[in-house]
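Thanks for coming, everyone. Let me put the structure up, and then we'll walk through it.

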Amino acid sequence: MKKAGVEFGWLHDSIITSIEFRVADNGNRNLEMHMDCPSDCGYEPWEGKKLTVLVSDIALMMHTVFGMQTGKESINFVENGISDITRAKMRAWEHRKFGIDPEAYTIVFHSGSMIEVLCSTIAVLVRA
C-alpha cells in the first residue's frame, strides 16, 4: 500500500463544492471531489485555488454522511487505511479479484462524514 502523500495534509480546511461519482465508458468507477483550497494552506501551488481530488478505478467505496449540519463541508484529514467494517465488506468480495492492487484511503470531513475507498490511484489536480 502506498502512503497518503504529504500533500494530502495541505487539503485541511478545503471547502467541498461538489462530490461526483462517475462511471466511465470502460466501466471504471471514479470519484471527483471539487473544492476550494484556503489561501493560507501552506502549499503555494494550491493556495487559494480550485482543486479536484480524483479517485480512480474504485474497487470499493463506503460513504458515511452526517447531513444535519450548518455551514459548508470541509476536509479535516486524509489517511491511509480503512475501518474494520469496510475491510470486512472488502473480504466478502475478494474472491472476485479487483483487477488492481488497490490503495486504501479514508477521507474525513469536519462534520464527521467520511469516505473510505479502495482504488487504483488518488490524485489532486489544480483546476483552471
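First, a term: helices (H or I, at least four residues) and strands (E, at least two) are DSSP runs, numbered from the N terminus. On that basis, the elements of the protein run β-β-β-β-α-β-β from the N terminus on. That comes to 1 helix and 6 strands.

A word on where this comes from. This is a predicted model, where local features need pLDDT of at least 70, side-chain atom pairs count only at pLDDT 80 or more, and totals for chains, interfaces and linings use all residues. Residues are numbered from 1 along each chain as its sequence is written, and side-chain values use heavy atoms, with hydrogens and water left out.

Now the sheet. In what order do the 6 strands lie? The order is β1-β2-β3-β6-β5-β4, in an open sheet with antiparallel pairing. Two strands pair if DSSP finds at least two bridges between them. At the edges stand β1 (15–23) and β4 (75–80); each has a single partner strand, so one side of each is left without a neighbour in the sheet. Neighbouring strands are turned by 35 degrees against each other on average, direction ignored. Such axes are lines fitted to C-alpha atoms, for helices over the stretch in contact, and angles run from 0 to 180 degrees between N-to-C directions.

Take one pair. Strand β3 (residues 50–64) and strand β6 (residues 114–126) are antiparallel, with 12 bridges. Leu54 stands opposite Ala123 in β6.

And the helix? Helix α1 (residues 84–93) lies across β3 and β6, at about 65 degrees to β3.

Contact here means heavy atoms within 4.5 Å. Among contacts between residues at least 6 apart in sequence, 66% join residues at least 24 apart.

Next, burial. Buried means under 20% relative accessible area, exposed over 50%, partly exposed in between (1.4 Å probe, protein chains only). Of the 128 residues, 37% count as buried.

Let's zoom in on one residue, Arg29. Arg29 is found in strand β2 (residues 29–36). Is Arg29 buried, exposed or partly exposed? Arg29 counts as partly exposed, because its relative accessibility is 38%. Beyond neighbours within four places in sequence, Arg29 is in contact with several residues, including Phe21, Val23, Val55 and Asp57. The C-alpha atoms of Arg29 and Asp57 are separated by 5.2 Å, yet the two residues are 28 apart along the chain.

That's the tour. Over to you.
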